[in-house]
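Me: I want to go through this model term by term. Show it first, then I will ask what lies behind each label.

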Amino acid sequence: MDNFDYDLLVIGGGSGGVRAARLSGERGARVALVEATALGGTCVNAGCIPKKFFAYAAGYADEFADAVGYGWGRAAPAFNWAKLVAAKDVEIARLNGVYERVLKKAGVEIIFGRAAFEAPQRVAIGPRSLRARQVLIATGGAPLLPDIPGCELAFTSDAAFHLPAVPAKVLIIGGGYVATEFASIFSGLGAAVVLAHRGPRLLKGFDHELTARLATALAARGIEVMAGVEPTALERDASGIVTQMQDGRRVAAPAVMLATGRAPVTQRLGLDRAGIDCAPSGAVRVDERFRTSQPWAFAIGDAIDRLQLTPVALAEAGAAVAAIFAENARPLDYARVPRAVFCRPTLASVGLSEEQARAAGTPIRIFRQPFRPLLSRLSGRTEETLVKLVVDASTDHVLGAHMLGPEAPEIIQGLAVALTAGATKADFDATLAIHPTAAEEFVTLRKPV
């Protein structure tokens with residue numbers, strides 16, 4: 001018998017960590033998983049799942065308005081924030097229990113507490129000191145706060161799910177997923193919203209045409225979008241919280257939300273004591289098989305800060321487990337990861353944007369179609385949907401598919417299968433449409449623009 005307590009110690013009980021622990025336990029390894037708070041990580045407790053519940057809640061505002069054009073009387077439904085939060089908490093608790101049962105079924109020991117390295121292959125959790133043959137770091141990420149005076153007056157996405165009430169007005173600082181999604185959520189639930197971001201456009205990394213149209217759509221919904229501004233200080237006065245901007249503007253609101261990015265949670269792990277290298281951002285450096293600078297240590301998910309998406313962490317977990325058990329596995333392909341933003345209207349993409357393809361020097365053809373959805377013809381809504389394909393002009397392969405409009409995430413998920421399989425524009429053209437749908441627009445695009 002060796003002198004290791006476990007074959008694998010997983011630090012972090014988010015989606016990636018739980019999957020890695022479960023897969024390893026099912027292989028017969030002695031596995032323990034350490035979690036400081038609740039199982040499920042950001043996604044389950046303060047991210048994807050509760051955010052989608054809140055997005056659903058906000059979306060009913062559109063549906064109530066649209067129903068009038070279809071013969072329904074104009075009702076005045078009352079929204080109950082406390083009821084939504086309580087229902088969300090019940091479901092999150094259920095999911096926490098599901099994760100616990102999955103781990104126990106695989107024979108994984110769950111240890112609640114904070115882990116920190118004492119030395120290579122030795123980890124302390126409170127008074128316990130454990131030795132593991134191999135360690136997987138899956139500690140996730142946390143909101144990154146700007147270093148400005150008064151930032152403690154604002155709240156982050158973690159706290160947004162537990163506010164006592166919907167603020168009458170909220171200033172959201174940021175231009176990424178979290179900022180745009182919560183701008184739509186709070187606006188749909190009746191708040192006046194100002195969305196201020198320092199970049200020239202929203203959602204860096206997404207196709208420029210879609211993000212420009214999204215900014216216009218958000219403004220049309222009553223959200224004030226301020227581009228190219230950066231906060232320098234927050235202070236409280238009689239009107240609430242006043243945010244001083246770099247350009248001299250001052251924005252007053254009773255509530256301010258900071259959505260300025262997320263950083264890896266690695267600072268308190270004692271990685272230096274284990275000889276594990278990190279980037280200046282705190283991200284653990286790994287190779288293509290998720291092995292760190294130490295041969296016995298691996299890292300995945302937001303802790304390595306490649307793509308902060310739950311399905312990516314799950315895929316990385318599978319690849320890391322294969323490496324831990326010396327199994328052959330293909331390196332992960334990050335080029336065709338489908339992504340969605342659950343703002344109103346929703347936005348989703350898979351593959352290369354137009355500017356990414358041009359920057360790579362690829363000769364391309366662009367197909368796109370803006371249109372008003374059939375639903376809006378009777379509801380009176382003027383908001384347009386946009387579908388777009390980026391096609392390699394020399395091979396005819398579809399390099400990217402993008403959509404802004406209702407059900408975009410559901411539609412792009414299906415197209416991700418096609419792109420992963422290497423579909424060409426000719427394949428799209430040969431596919432019969434389901435009519436009348438928004439999705440059919442992707443297979444009826446004929447003329448490049």
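Reply: Start with a crossover: β9, helix α7 (residues 208-220) and β10 make a right-handed β-α-β unit. This is a predicted model, where local features need pLDDT of at least 70, side-chain atom pairs count only at pLDDT 80 or more, and totals for chains, interfaces and linings use all residues. Residues are numbered from 1 along each chain as its sequence is written, and side-chain values use heavy atoms, with hydrogens and water left out.

Me: What makes a crossover right-handed?

Reply: Point the strands away from the viewer; the path from the first strand over the helix to the second must run clockwise. The unit of β9, α7 and β10 is right-handed in this sense. So is the unit of β8, helix α6 (residues 177-188) and β9. The elements themselves are DSSP runs, numbered from the N terminus: helices are H or I with at least four residues, strands are E with at least two.

Me: How do you know that β8 and β9 pair?

Reply: Pairing requires that DSSP finds at least two bridges between the strands. Strand β8 (residues 169-173) and β9 are joined by five, and they run parallel. I172 stands opposite L195 in β9.

Me: Why is β9 called largely enclosed?

Reply: Buried means under 20% relative accessible area, exposed over 50%, and partly exposed in between (1.4 Å probe, protein chains only). Five of the six residues of β9 (residues 192-197) are buried, so the rest of the structure largely encloses the strand.

Me: Why does Q134 count as buried?

Reply: Its relative accessibility is 15%, so Q134 counts as buried. Q134 sits in strand β6 (residues 128-137). Contact means heavy atoms within 4.5 Å. Leaving aside neighbours within four places in sequence, Q134 is in contact with D7, L8, L9, P295, W296, F298 and I324.

Me: Why are α1 and α4 called roughly parallel?

Reply: Angles under 35 degrees count as roughly parallel, over 145 as roughly antiparallel, 65 to 115 as roughly perpendicular and the rest as oblique. Axes are lines fitted to C-alpha atoms, for helices over the stretch in contact, and angles run from 0 to 180 degrees between N-to-C directions. Helix α1 (residues 15-26) and helix α4 (residues 81-105) pack at about 25 degrees, with their axes 9 Å apart. They are therefore roughly parallel to each other. The contact is made by S15, V18, A21 and R22 of α1 and Y99, V102 and L103 of α4.

Me: Is F290 buried or exposed?

Reply: F290 has a relative accessible area of 1%, so it is buried. F290 also has a positive phi of about 70 degrees, although it is not a glycine. It is found in the loop between α8 (271-274) and β16 (297-299).

Me: And why does D305 count as partly exposed?

Reply: The relative accessibility of D305 is 32%, so it counts as partly exposed. D305 has a positive phi too, about 55 degrees, and is not a glycine. D305 lies in the loop between β16 and α9 (310-324).
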